[in-house]
Amino acid sequence: MKLLTGNDLASGDVTWWTGSGWSRHIEEAVDVGAEGEAIARAEEGARRVNVPYVIDAAATGDGPRPAHIKDRIRALGPTVRPDLTLKPADPQAGHWVI
């Protein structure tokens, strides 16, 4: 299965092609097959999405599952991991504390 993904122009959110528009939910994504590149060009030209591209995926009982780990992470949406954020600068050390 092939999925079309890109980023929403206004928010930068990851979006997925549903067959009639874009969704922030991968569960609503449809197989674009051989038409994916043509849809991507048309949607980017119409300024509805930024940098769309086609990815490989597998159909599962829970919806499409991207084949590549990078795309699976994108599909999960924004991550908020306090343990990975930069802490405020330590004025005594003169640099950022990680």
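This is a short chat about a predicted model of one protein chain.

Q: What does the secondary structure of the protein chain come to?
A: The chain has 2 helices and 5 strands. Keep in mind that the model is predicted.

Q: And in what order do the elements run from the N terminus?
A: The order is β-β-β-α-β-β-α.

Q: Which residue in E4 does Thr 5 stand opposite?
A: Thr 5 stands opposite Tyr 53.

Q: How many bridges join E1 to E2?
A: There are 3 bridges between E1 and E2, and E2 is residues 14-17. That pair runs antiparallel. Within it, Gly 6 stands opposite Thr 15 of E2.

Q: How many residues are between the strands in that hairpin?
A: The hairpin of E1 and E2 has 6 residues between its strands. Among them is Gly 12, with a positive phi near 85°.

Q: Switching topic: what share of the residues counts as buried?
A: Of the chain's 98 residues, 27% are buried.

Q: What about the accessible surface?
A: The accessible surface is about 6500 Å², and carbon and sulfur atoms hold 55% of that.

Q: Last one, contacts. What part comes from residues 24 or more positions apart?
A: Taking contacts with a separation of 6 or more, 46% are between residues 24 or more positions apart.

Terms used:
Residues are numbered from 1 along each chain as its sequence is written. This is a predicted model: local features need pLDDT of at least 70, side-chain atom pairs count only at pLDDT 80 or more; totals for chains, interfaces and linings use all residues. Side-chain values use heavy atoms; hydrogens and water are left out. Two strands pair if DSSP finds at least two bridges between them. Helices (H or I, at least four residues) and strands (E, at least two) are DSSP runs, numbered from the N terminus. Buried means under 20% relative accessible area, exposed over 50%, partly exposed in between (1.4 Å probe, protein chains only). Contact means heavy atoms within 4.5 Å. Accessible areas come from the Shrake-Rupley method with a 1.4 Å probe; for residues, only the protein chains shown count as cover.
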